[in-house]
Amino acid sequence: MIHFISDLHLSFDKPKITHHFTHYLQTQARQAKAVYILGDLFDAWVGDDDFTSPNGHIRRELKKLTDSGVEVYLQRGNRDFLISERFARGTGVTLLDDYAIIELEGEKTLLTHGDLLCSDDIAYQAFRSKSRTLEWQQNVLSKPLWQRLLFARWYRIRSFFHKQQKSHYVMDVNQMTVEKVMQQHGCTRLIHGHTHRPALHKFNLNGQKAQRFALSDWNNNGGEVLSFGAKNE
Ligand code: MN
């Protein structure tokens with residue numbers, strides 16, 4: 001089985017989600033051959049040197065899973081894009097690029113967090129470009145941890161109010177962008193998170209049947225896992 005999850009948004013103030021995810025890692029995930037986490041595993045990530053709760057615990061649980069032989073792959077989301085090599089080494093997780101192609105049940109499948117597909121949100125895309133530069137990241141990471149944690153709290157509050165102002169339309173993927181990136185990568189299946197609008201969208205891509213799976217976010221009741229393949233695979 002291959003599992004796909006995203007948008008857990010783990011944080012110190014949502015212990016129930018951490019509890020559900022821990023349970024998942026210790027039970028269901030052990031049955032999988034590979035687990036793909038498609039971004040926003042954490043609600044904020046201020047640097048790999050941050051082991052404040054629940055980060056240290058989550059790292060240990062991920063390490064137990066990879067040690068048991070399950071492959072775990074991670075794409076960074078818009079909230080945890082500062083996850084880096086130290087995290088990967090400590091957990092045994094393999095970091096993937098913003099776009100990754102895998103063969104899934106014989107079909108070329110494109111994986112991405114999903115924020116890049118929301119191309120109508122011009123302001124966000126501008127911030128995204130800026131924050132992915134080495135200069136921006138070095139500047140942020142050079143600040144003391146307590147300052148970064150404080151900034152992250154402020155940023156989360158700001159983001160909450162910004163989201164309320166943005167229209168439903170701007171916050172969703174742009175279908176033209178979806179089709180363009182699928183063609184660029186030669187894929188007929190796309191799996192992503194980010195929008196928190198779980199659905200399977202079927203459409204036509206250059207005369208071929210195409211699918212877009214949007215994963216659900218996790219909440220206090222737990223989370224959905226998209227699974228492919230039979231139990232013993
Ligand atoms: Mn996101």
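This is a predicted model: local features need pLDDT of at least 70, side-chain atom pairs count only at pLDDT 80 or more; totals for chains, interfaces and linings use all residues.
**View 1. Protein donors of the manganese ion.** Four residues supply the donor atoms: Asp-40 through OD, Asn-78 through OD1, His-113 through NE2 and His-194 through ND1. These atoms lie 2.1 to 2.2 Å from the manganese ion. Along the chain, the donors are spaced as D-x37-N-x34-H-x80-H.

**View 2. Asp-40 and His-113 at the manganese ion.**

**View 3. The largest pocket, with a volume of about 520 Å³.** Its lining consists of 22 residues. Nearest the centre of this pocket are Asn-78, Tyr-124, Ser-159, Lys-163 and Lys-166; Asn-78 is also a donor of the manganese ion. The elements giving two or more residues to the lining are α4 and α6 (145–165), and α6 gives the largest share, five residues. By class, the lining has eight charged, seven polar and seven nonpolar residues.

**View 4. The second largest pocket, with a volume of about 340 Å³.** This pocket is lined by 18 residues. Val-46, Trp-136, Val-140, Phe-151 and Ala-152 lie nearest its centre. At least two lining residues come from each of α5 (134–141) and α6, with the largest share, five residues, supplied by α6. The lining of the second largest pocket divides into 11 nonpolar, four charged and three polar residues.

Terms used. Residues are numbered from 1 along each chain as its sequence is written. Side-chain values use heavy atoms; hydrogens and water are left out. Donors are N, O and S atoms within 2.8 Å of the metal (3.2 Å for Na, K and Ca); water is not among the atoms, so sites may look incomplete. On a 1 Å grid over the protein atoms alone, a cavity is a set of points where a 1.4 Å probe fits but cannot get out, and a pocket is an open set with protein on both sides within 12 Å along at least five of seven lines; lining residues have an atom within 4 Å of a point. Grid points are joined across faces, edges and corners, and a volume is the space filled by probe spheres set on the points. Helices (H or I, at least four residues) and strands (E, at least two) are DSSP runs, numbered from the N terminus. Ala, Val, Leu, Ile, Met, Phe, Trp, Tyr, Cys and Pro count as nonpolar, Asp, Glu, Lys and Arg as charged, and the others, Gly among them, as polar.
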